[in-house]
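Please keep the sequence and the 3D view at hand.

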Amino acid sequence: MKKSRKVIITCAITGSVHTPSMSPYLPVTPDQIAQSALDAAEAGAAIVHLHARQPDTGQPTQDPALYAQFLPRIKEASDVVVNITTGGSPVLPIAERMAPALKFKPEVASLNMGSMNFGMYELLERFKEFQHAWERPYLEGSNDLIFRNTFKDIEHILTSCSDNGTRFEIECYDIGHLYTAAHFVDRKLLKPPFLIQSVFGIRGGIGTHPEDVMMMKRTADRLFGDDYIWSVLAAGRKQTPLATMAATMGGNVRVGLEDSLWDGPGELAQSNADQVRRIRRILENLSLQVATPDDARETLQLKGRGNVAF
């Protein structure tokens, strides 16, 4: 009997897309982030994608001192692959965004493949009350917000981390981002295997129609052939449908409260682990196996948890 394919589940624990008051279940403090990551790993996530937040306000931050409060705890209690963002927040300068990845030298770091409009202002139609003074202006201002990721920025991140053995979750929000990734492959700054994370449903990027998913996959196949590993994340209510679609097309999946606060129509997900368990059930019902952290390390040719700096 042919061996069942193993699907890598990445769980995005917390992030800059949603603000804390939108859900009481979003982890904010270092203790909450650590515990949520460990729970997601126990539920079946092979990789946890991590941001940090100011504990008192929930504001996105790339302060390495806050990362230092949860990274060692996660490593001590789990063999999960740790993925540190270099995105951080659209309002942070590049030097701040990449500081944690430089300092802690993780097995994986995320890397956005292009500047883009990054509109979150439509969330104001759904959420009317906020806990902190910065939240409403942050959302209102996103109709005039460009998330900067220039060619120079991308080159700087790639070359700065080149000696650390860190591989990248290449986040592609549109077709042009795939071509940007191919450009850096041609310049030998990206080396296979590439983890291409196709991102759907952010205002300013590609949409969530099944044709969009198939077009991203076809383009990546043509540009990267057998040199890449494909994964999909979708924002909001499309998270589970598009993750399921990607899995049936031979891809891997990313879920988590960074990308969607929901577990069903009008129903908030109560934890990252709940979202992992939900997609895991779907994968197993499709007769697909869920990859372990060591499976992910083998597939992505990672340097191993013993070679990080935390």
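With a relative accessibility of 9%, Arg 297 counts as buried (buried means under 20% relative accessible area, exposed over 50% and partly exposed in between, using a 1.4 Å probe and protein chains only). Its place is in helix α10, residues 293-300; helices (H or I, at least four residues) and strands (E, at least two) are DSSP runs numbered from the N terminus. This is a predicted model, in which local features need pLDDT of at least 70 and side-chain atom pairs count only at pLDDT 80 or more, while totals for chains, interfaces and linings use all residues. Residues are numbered from 1 along each chain as its sequence is written, and side-chain values use heavy atoms, with hydrogens and water left out.

Not counting residues up to four places away in sequence, Arg 297 touches Asp 79, Val 80, Val 81, Glu 107, Leu 302, Gly 304 and Arg 305, where contact means heavy atoms within 4.5 Å. A polar atom of the Arg 297 side chain lies 2.8 Å from the backbone oxygen of Asp 79.

## Helix α2

Helix α2 covers residues 64-77, and its 14 residues should span 20 Å at 1.5 Å a residue; the end C-alpha atoms are 20 Å apart, which agrees. The expected span is 1.5 Å times one less than the number of residues. At the N-terminal end, Asp 63 caps α2, with a side-chain oxygen 2.9 Å from the backbone nitrogen of Ala 65.

Which residues of α2 are buried? They are Leu 66, Tyr 67, Phe 70, Leu 71 and Ile 74. An α-helix has 3.6 residues a turn, so residues three or four places apart point the same way. The buried residues of α2 pack against several elements, including α1 (30-43), β3 (47-50), β6 (81-84) and α3 (94-104).

## Two helix neighbours

α1 and α2 pack at an angle of about 30°, and their axes are 9 Å apart. That makes α1 roughly parallel to α2 (angles under 35 degrees count as roughly parallel, over 145 as roughly antiparallel, 65 to 115 as roughly perpendicular and the rest as oblique). Axes are lines fitted to C-alpha atoms, for helices over the stretch in contact, and angles run from 0 to 180 degrees between N-to-C directions. Among the α1 residues that meet α2 are Ile 33, Ala 34 and Leu 38, with Phe 70 and Ile 74 among their α2 counterparts.

The axes of α2 and α3 come within 9 Å and cross at roughly 50°. The two helices α2 and α3 are therefore oblique to each other. Pro 64, Tyr 67, Ala 68 and Leu 71 of α2 make the contact with Ala 99, Pro 100, Lys 103 and Phe 104 of α3.

## His 51 in its loop

His 51 sits in the loop between β3 and β4. Is this residue buried or exposed? At 4% relative accessibility, His 51 counts as buried.

The side chains of His 51 and Glu 258 are joined by a polar contact of 3.3 Å (a pair of N or O atoms within 3.5 Å; within protein, one must be able to donate a hydrogen and the other to accept it, and residues adjacent in sequence count only if both atoms are side-chain atoms). Leaving aside neighbours within four places in sequence, His 51 is in contact with residues including Ile 33, Tyr 67 and Phe 70.
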